[in-house]
Amino acid sequence: MTTGAPPTEAAGPARAGASAGRDVVRRALSLLAPLAGLAVLLLVAAVTTPGFYSAGVLQLVLFQIGLIGVTAVGQTLVLLVGGIDLSIGAVIGLTTVVIAEHSRGDGERLGVAILLATAAGAGVGLLNGLLVVRRQVPAFVATFATFVLVQGVITAWTRGAPSGNIPGELSPLGIGRWLGIPVPLWAFLVVAVVAGVVLGRTGLGRRLYATGANERATALSGVRTRWIIAGCFVASGLLAVLAGLINAGYIGYVDARLSRSLDPNSVAAAVIGGIALTGGRGRIGQTVVGVTLLAVLLAWLRQLGAGAGAQLVVSGAVILLAVWLQGSGWAARSPRRIKQRDGVR
Amino acid sequence: MSAAAALEIRPRRFSLADLTRTGAAVWIVVLVAVVALTVTDAGGFWAPANIANVLTATVVLGLAALGQHLVVLSGGIDLAVGSTATLSALLTAILLDGYPIRTVPVLVGMLLLGGVIGLLHGLLVARVGLPPFIVTLASLYLIQGAAFTISTTPTGQVTSALSSVALQRIGPVPYSFAVLVVALAAVAFALGRTAFGRQLYAVGGDLPAARSSGVPVEKVLVTAYVLAGVLAALAGILLAARATIGSPTAGQGLELSAITVVVLGGTSLLGGRGSLVGTMGGVLLLSLVSSSVTLLQLPATLTELIRGVVILAAAALFVAKVRR
Amino acid sequence: MRIHSSTSRRSRPLRLPLAIGLTAVLVTACGTEQEGATAGGGGGGGGGASGEECANAEEAQASYEQAWTETAQQLGLENLEPTEEQVCEVDTAPWAAEPKNGETYRIAFAAQGPTNSWGLTNEEAFRQRAEEVGVEVLYASANGDATAQVDNIQQLASQDPDALVVVPMGDGITGQVQAAAGQGIPVVLCAGRLSDSSSVVSTVTRQYELLGSAYAEWLVQQLGGEGQVAVLSGLAGVPTAEYQKAAALEVFAEHPGIEVVTEQYTEWSPTVAKQVAANLVTQYPDLDGIWSDSGYGDLGVVQAYQEAGRPVPPVTGDAINAFLKAVQGTDVRFALSSFPPEQSMQCLDTAMAALAGEPVLDKVYINSPSFTHEQIDEYVRPECTDNLFVPSALPDEQLRELGLC
């Protein structure tokens with residue numbers, strides 16, 4: 001979505017410059033709902049699945065946080081400028097295919113393969129960005145179209161059966177540990193910290209929030225909002241490539257199902273954390289909590305051995321509940337105003 | 001600066017924007033496709049049976065898109081139309097189970113079920129004030145979960161009378177197409193000739209202004225979601241009728257196609273502006289694309305690529321400009 | 001409530017004609033009786049022959065049991081009992097026909113589409129056999145989607161082929177298959193089945209129940225009838241996964257010493273399977289065996305156990321080259337069978353037989369090799385890619401052409 005909301009709703013660029021004290025309070029408040037949800041979930045998990053608090057499960061949850069988290073950060077950036085990225089799953093799949101097809105399992109060709117995958121991911125992100133800012137296609141439709149297109153490219157290229165292997169050199173990225181913590185989690189933490197610093201401490205971050213809150217006003221004040229929006233899509237594409245590399249390293253095969261999934265986890269994590277779909281509101285900290293909550297939830301459901309139906313029902317209920325809690329005043333916003341323009345992508 | 005530049009460009013694109021707004025743009029693509037198909041394989045394409053194929057493929061998607069159209073006009077989005085159709089299809093087959101005597105109560109029940117789902121969406125959106133995207137995303141999971149809880153294997157059976165509605169045709173026109181035509185007429189009537197229609201455009205266009213000028217905003221929003229739910233349930237009934245058996249995966253993915261065609265038809269996802277003609281053009285375009293791939297025996301590896309290129313190109317060319 | 005009343009008013013134009021039409025239909029149908037009571041979930045009994053005399057029953061039945069006996073022999077199973085199933089011979093005289101157009105037969109093939117190597121091999125095998133037999137192929141791809149296949153079948157049928165071979169993507173296609181058969185087109189279901197197959201000439205497939213039960217029996221035998229088992233099946237709601245799993249659970253239920261501790265879905269994805277298995281490692285440290293329906297899933301299972309530094313429990317699944325390459329030279333114990341993509345060749349043969357008026361069976365159950373870790377060297381193809389389903393019936397040259405070797 002390129003243009004923001006009508007002026008009545010504008011939070012304006014001035015928002016970012018609120019006084020430090022109020023800022024801290026607001027940040028704490030915005031984290032309260034997802035944190036409370038996380039606490040409840042951990043409690044429920046402890047009661048229903050006795051083996052939940054073990055080193056093994058903790059490792060699993062940490063790994064899962066890393067895997068979901070990398071894409072969730074990209075998704076958050078796009079959501080902050082009022083977009084949404086449905087092409088993440090396709091880019092993850094494309095990355096694994098590019099790596100396998102180009103490197104053919106040869107570690108020496110891995111570097112070039114990664115460069116090609118990165119270019120492909122950035123290309124998809126750029127295409128999304130151009131469709132959104134140049135042609136003003138709603139992000140939902142633009143990224144769904146590239147999702148279908150990338151799948152089509154993969155099928156036409158590999159005829160459904162990608163050949164080649166993932167070089168073993170990539171596996172540390174997926175299954176390695178550093179200081180006892182899974183490498184994917186480190187990757188997520190680095191990405192999250194960088195994104196958090198850029199968003200919270202730099203002029204670029206301020207311009208990004210302003211663009212998401214009210215693009216037209218921000219553009220009139222001299223900010224190159226189109227570049228910022230397109231940049232967010234490219235960043236999301238690049239982070240999807242990173243997620244694809246982690247996936248390739250984790251399993252060591254081209255997983256045909258990866259590219260066929262819309263990867264709803266990244267949207268769900270951001271939403272649970274309280275990132276507003278209208279753009280302009282939300283912090284990386286919230287995404288981190290949302291990712292954690294989702295990872296714990298997935299692990300718990302798996303431990304529970306719940307059937308496919310129950311898993312979907314619980315996921316749906318958690319999303320609804322999380323947003324309900326945020327909507328009912330904890331995020332210090334009037335529901336009326338949230339309702340007004342949300343989800344119109 | 002860039003915004004100013006865009007403003008200057010605007011008058012030059014007026015004609016295209018105009019075409020888009022009235023929904024004519026997508027029909028031009030449909031026309032081009034039809035001409036291309038006529039040139040390539042006139043006999044095959046214009047055969048009554050092939051026309052029937054194209055029309056049959058529009059029915060379920062068309063019903064889902066009609067509901068989506070209403071919700072999008074209101075400034076919302078309904079991601080649950082696919083799963084609502086799935087649940088309705090599964091329950092139709094299970095509850096009918098081959099007993100003709102149950103037909104009417106079950107069908108009415110399914111439409112009510114769709115209405116209740118829509119009512120819940122509407123209340124959560126209008127009363128509680130939750131974002132439609134999230135409400136319907138959550139209920140997409142909830143409803144699909146409910147369907148899997150009812151059965152993970154195909155089960156139930158519809159009556160032969162119901163399945164003949166979905167499977168038989170008169171010349172090039174399938175019976176089920178009549179259902180779509182009736183639904184289309186009803187929605188067109190509701191939008192064009194009733195207070196609800198005017199209020200819906202007002203609410204989607206500028207909610208605070210509509211509210212301050214006395215439009216019953218909540219009622220209008222809830223009605224839009226209820227209608228979308230009912231139409232999705234009707235799509236589900238037709239899915240079941242065509243399948244003759246209930247499947248817990250029947251309508252998966254329908255929501256994305258429905259949103260895509262609504263947008264291709266020139267309806268603004270911001271709400272308040274859109275054309276039913278365009279939405280139907282979008283439905284016809286997708287149906288033409290998928291059927292011509294088989295008709296022309298194009299290589300299967302290219303089908304997805306073609307679909308992606310068509311959606312992308314149509315979106316890039318004809319999507320309604322968000323600027324008002 | 002006001003909202004409600006307004007709602008029903010809005011939708012009345014839509015409901016009323018429908019209700020009137022259906023009431024009319026109801027009056028003509030006018031019965032409290034259930035129609036065609038043969039359909040319904042599970043079981044796998046197509047209803048076609050149930051009411052009539054079963055032709056040539058003994059010979060047909062013997063051919064059915066042969067597939068079970070062979071699998072039992074190959075896996076060294078002592079008590080593999082065939083599930084109850086009536087196989088009969090079909091008189092195809094009504095289907096016998098000369099080519100409708102010109103000299104050669106046109107056979108329509110509603111395929112899965114090249115969404116994975118199974119789909120690719122499946123349709124290439126079909127095309128190859130079609131070339132050998134000298135028939136024209138009319139092709140449609142469903143891209144793995146049942147809803148798309150419904151349209152495909154209608155479209156293929158409307159082009160009036162001599163016969164229609166369908167790789168069913170789900171039971172959603174049942175009505176359209178019946179409609180095609182109603183047009184006088186002989187339909188052969190290929191590599192899959194429908195709960196209600198009464199309208200088709202024949203169902204040609206590797207039997208789901210055979211795979212599910214054989215894997216389960218092998219596990220029971222490996223464990224000596226005692227122990228904890230996890231059941232990992234593919235995708236919720238998809239017959240290929242659900243029927244195999246149901247058959248396995250039946251076998252496990254017959255053995256009181258076997259405890260099924262959890263049932264999970266792997267989506268036939270090594271990534272998901274690995275995450276599921278990593279959870280099994282911590283949650284059920286005493287797990288004795290893993291029943292799985294897929295070699296792709298087993299890849300993830302093996303990795304999860306190896307990375308946790310734990311011995312891999314005996315696993316089952318279908319034979320994919322990637323799995324064999326991964327476990328060659330390890331002490332992983334497994335039993336594999338296959339759901340061969342090349343069964344499409346037999347599907348075409350059956351359709352041609354029907355067109356020639358030769359007798360065919362209403363259910364042709366494919367025989368295909370099953371083997372355990374002991375015979376891995378005979379089956380692994382180190383020179384081929386991971387995506388190859390072994391053993392492949394296609395010649396090496398063609399496999400190379402397809403990029404599979």
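User: How many residues of chain B are in contact with chain A?
Analyst: This is a predicted model, in which local features need pLDDT of at least 70, side-chain atom pairs count only at pLDDT 80 or more, and totals for chains, interfaces and linings use all residues. Residues are numbered from 1 along each chain as its sequence is written, while chains are lettered from A and ligands numbered from 1 in the order in which they are written. As for your question, 49 residues of chain B are in contact with 53 residues of chain A (in contact means their C-beta atoms, placed from the backbone, lie within 7 Å).

User: Which element of chain B gives the most to that side?
Analyst: That's α7(B), with 14 residues on the side of chain B that touches chain A. (Helices are DSSP runs of H or I with at least four residues, strands are runs of E with at least two, and both are numbered from the N terminus.)

User: And what classes of residue are on that side?
Analyst: The side of chain B that touches chain A has 32 nonpolar, 13 polar and four charged residues. Here Ala, Val, Leu, Ile, Met, Phe, Trp, Tyr, Cys and Pro count as nonpolar, Asp, Glu, Lys and Arg as charged, and the others, Gly among them, as polar.

User: New topic: how many helices and strands does chain B have?
Analyst: Chain B has 15 helices and two strands. Its radius of gyration is 20 Å, close to the 20 Å from the globule rule for 324 residues, so chain B is as compact as a globular protein of that length. (That radius is taken over C-alpha atoms, and the rule is 2.2 Å times the number of residues to the power 0.38.)

User: How much of chain B is buried?
Analyst: 64% of its 324 residues. Buried means 20 or more other C-beta atoms, placed from the backbone, lie within 10 Å of the residue's own; exposed means 12 or fewer, and partly exposed is in between.

User: Is α14(B) mostly covered or exposed?
Analyst: Covered: 18 of the 20 residues of α14(B) are buried. This helix takes in residues 276–295, and just after it Gln297(B) has a positive phi of about 55 degrees.

User: What about chain C, what pLDDT does it average?
Analyst: Chain C averages 84, and 88% of the residues score at least 70. (pLDDT is the predictor's confidence in each residue, from 0 to 100.)

User: Where is the pLDDT of chain C below 50?
Analyst: One such stretch is residues 1–14 of chain C, and residues 26–30 of chain C are below 50 too. Where pLDDT is low, the predicted coordinates should not be read in detail.

Definitions and conventions. Expected span 1.5 Å × (residues − 1). Contact = placed C-beta atoms within 7 Å.
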